[in-house]
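I opened this notebook to record, entry by entry, what I looked up. The structure comes before my notes.

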Amino acid sequence: MCKSSVQLLRHKVTGGLGRSDFHTSTVGAFGQFATGRGNTDAGFVLGTGKLLLKVPPTLSFVMDGEIPDYLLVEDSILQIIGEILVSGATYKPMEFVGSTVES
């Protein structure tokens with residue numbers, strides 16, 4: 001089943017922690033942690049059986065209030081990227097909480 005179908009059907013994706021694929025981090029939408037791995041990292045895992053991770057600090061973004069009709073969710077992330085810059089979340093998970101996220 002393709003990943004977008006899995007997400008649309010609200011199924012949890014398991015075993016995503018060691019995958020080498022750019023969709024891995026989308027499991028955060030289901031309250032899970034996952035991290036993307038490159039081909040070199042995947043080869044290391046396959047060769048050694050070890051997955052080396054450092055536990056990074058989490059960036060938490062509290063979003064409260066209603067999003068106006070003329071804005072999209074993408075506009076919110078673009079605003080955040082503009083504030084923290086592209087490198088601002090390097091090696092850091094981003095957590096989005098608040099009434100806006102819940103609705």
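**Entries on a predicted model**

I began with E102, which counts as exposed because its relative accessibility is 71% (buried means under 20% relative accessible area, exposed over 50%, and partly exposed in between, with a 1.4 Å probe and protein chains only). I noted that this is a predicted model, in which local features need pLDDT of at least 70 and side-chain atom pairs count only at pLDDT 80 or more, while totals for chains, interfaces and linings use all residues. Residues are numbered from 1 along each chain as its sequence is written, and side-chain values use heavy atoms, with hydrogens and water left out.

I then placed E102 in helix α4, residues 99-102 (helices are DSSP runs of H or I with at least four residues, strands runs of E with at least two, numbered from the N terminus). From E102 to D64 I found 9.2 Å, C-alpha to C-alpha, across 38 residues of sequence.

For the whole protein, I listed four helices and two strands, which follow the pattern α-α-β-α-β-α along the sequence. Of its 103 residues, 17% are buried.

Next I looked up contacts (heavy atoms within 4.5 Å): among those in the protein with a separation of 6 or more, 42% join residues 24 or more positions apart.

Last, I turned to I81, which lies in helix α3 and counts as partly exposed because its relative accessible area is 33%.
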